[in-house]
Amino acid sequence: MLPTVGPHLLKKLREALPFIARVTGGYATLTDASGIRLYTVDSEGQEHPDLAGVPFGQGKETIRTGKAGIVGSDFGHEVQSWVLPLNGYSLACSNIERVERDRQLLDSLRQALPIIARLVGGEAVLFDVNGRRIASYDHDGTENKDRAGLVSAAAAEAMRTNRPTVGPSNSEEGAVAVRFPVSSSFGFGFNNEQRVKREKILLDEARKGRRTKYNFSDIIGESEAIAKTCGLAAQVATGESSVVIYGETGTGKELFAQAIHNNSHRWDKPFVAINCGALPASIIESYLFGYESGAFTGARKGGSSGAFEQANGGTIFLDEVSEMDVLLQSKILRVLQEREIVRIGSVRPTSVDIRVLSATNRNLRDMVQKGSFREDLYYRLNVVQLTIPPLRERPEDIVLLVRNFIQRSNQLFGKFVFSISPEALGLLTAHTWPGNVRELQNCIEYSFNLLGVKERTILPQHLPRYLCESDARSKAGMGVSSSPGLDSCAEGAMAVRATPERILPLSESLLAAERDCLRKALEACNGRRRKAAALLGISTTTLWRRMAVVGLSSLKEPDSGDAIRTLSSGD
């Protein structure tokens, strides 16, 4: 029975219900004086006649006292309602739909946490209003239940102020943690701890040590090509000019750089090597130029000197200089012109006295013409050009190199190998060595892994399989038949005379040989590019680049260790 009040008020209250529901984000209800629902409307303005006559249980006491207040809801323990008594009626509205939206958003974020954690390279978390972790996922996308329930003061602060907080991570120097509120009941955060750890490892690898150990006497070879290169390097070592060392992967560019440094008047000063291709763009500037304390979030207290400062008085070696970011090239140019650096976060220049040696396996002049390398920096670096001949252009040095590598491997493996058979040596001298000296060294080391304790001679069966197979293919291509009963690897030592019409241009032959070598290495490593690069003695970046050059860019890396099945049409 409706209370005895004017119908005008009842009509107005009923008309207001859709607007109240929309603003509050839930169900708006009009009850009589005893708490019985008369009309109920959701936030979309839809009336629910099925709720008419249902008691408004949670607000019964508030309706009885006639005082406005906030109470629970009949629809869920997380839902709240406000109640306002009005002259015989009670107006109430819950936030059930807003709570439901928050719940859906929370579920969506919970499902996305593993992906976010992998992308940012650290932990991704959800936390409640008190900063307590609801869910936590590690950088590899696995849930970390041990961290559930831990409270973060920074997360609690973000929820209290309703503002994001950005600051250093608690467990990894240099890492950054971000926390921000999503709703009034939960928030979301992440850090990049694992990514920072990986970058530190890359920095350690890029440093390559601060001591030089190689001299010109460590360069093995008696060929005219290597003798001329060593002579020119020894001549320029005594000067101060910048030198660019050109050479294919594995020719020993850093060995020459160290030898030049050790034969200069700077021999007793620092030699700082920087692998420009290994350093992430996000940290290379701070690594090269250093930074002041507080220059950025996570900066070490007291700041840090950069590579140029550390090389002061000595030599800085820019390995893979062609891979340097274009924006960074202008800053390097300033250092070479002004002989001073400015740390990140500072305005005070610091003078440096350095000699710059660079190395690359790409043609910098071509890169200048294509606009990917600054012309003015090119002329600053390329005062003296030193080109290391590839191993295929000095095959007479292979015997000396093999002998040297056998001696080193004996010390490394604790074995007593005295010689290499003529058949095995024939295979080595017939190979084109796209990986150059490093690839040859890897082949000898590979053979030592296969040699028995009592074996004293390297035989064809001890060498990598791809050497034997490429040799057999080359014979088949030139119309040479195998002798009955003769091992295919041993056949590699036979001298074969090719007819002129079957000889390809040198550039095509080299590309074909390199393509075959890369394909075999990838097959041997089940398509794992990182392992294949290690087998060939080159960086993963170089492997990708050479694959594109020789037409193997369509090789697909397998999932779950499957072998390579898809080869480009170039094979």
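**View 1. Side chains of strand E18.** From E18, Arg355, Leu357 and Ala359 point one way, while Val356, Ser358 and Thr360 point the other way, and all are buried. The model shown here and in the other views is predicted. In a regular strand, side chains alternate between the two faces of the sheet. Strand E18 covers residues 355-360, and because 6 of its 6 residues are buried, the strand is largely enclosed by the rest of the structure. Buried here means a relative accessible area under 20%.

**View 2. Strand E18 and its partner E15.** Strand E15 consists of residues 315-319 and pairs with E18 in the parallel sense, over 4 bridges. Two residue pairs can be picked out in this view. Phe317 stands opposite Leu357 of E18. Ile316 has Val356 as its bridge partner in E18. Leu357 and Val356 point opposite ways from E18.

**View 3. Strand E18 and its partner E11.** Strand E11, residues 243-246, is also paired with E18 in the parallel sense, and 4 bridges join the two. Ile245 has Ala359 of E18 as its bridge partner. Ala359 points the same way from E18 as Arg355 and Leu357.

**View 4. The sheet that contains E18.** The open sheet is formed by 5 strands with parallel pairing, in the order E12-E15-E18-E11-E19. At its edges are strand E12 (271-275) and strand E19 (384-387), each of which pairs on one side only. On average, neighbouring strands of this sheet are turned by 20° against each other, direction ignored. In this order, E18 stands between E15 and E11.

**View 5. Helix H6 on the sheet.** Helix H6, made of residues 224-237, lies across E11, E18 and E19. The helix runs at about 150° to E19, which is an edge strand of the sheet.

**View 6. The cavity.** A search of the whole structure finds 1 cavity of 30 Å³ or more. The largest cavity has a volume of about 50 Å³. Its lining has 10 residues, and those nearest the centre of the cavity are Tyr27, Thr29, Phe56, Ser81 and Ser94. By type, the lining residues of the largest cavity divide into 5 nonpolar, 4 polar and 1 charged. Strand E5, residues 89-94, gives the most to this lining, with 3 residues.

Conventions
Residues numbered from 1 in each chain as written. Predicted model: local features only at pLDDT ≥ 70, side-chain atom pairs only at ≥ 80, totals over all residues. Heavy atoms only, no water. 1 Å grid on protein atoms, 1.4 Å probe; cavity = no way out; pocket = protein on both sides within 12 Å on 5 of 7 lines; lining within 4 Å. Points joined across faces, edges and corners; volume = space filled by probe spheres on them. Nonpolar A, V, L, I, M, F, W, Y, C, P; charged D, E, K, R; others polar. Buried < 20%, exposed > 50% of the residue type's maximum accessible area, 1.4 Å probe, protein only. Pairing = 2+ DSSP bridges. Axes fitted to C-alpha atoms, helices over the stretch in contact; angles between N-to-C directions. Contact = heavy atoms within 4.5 Å.
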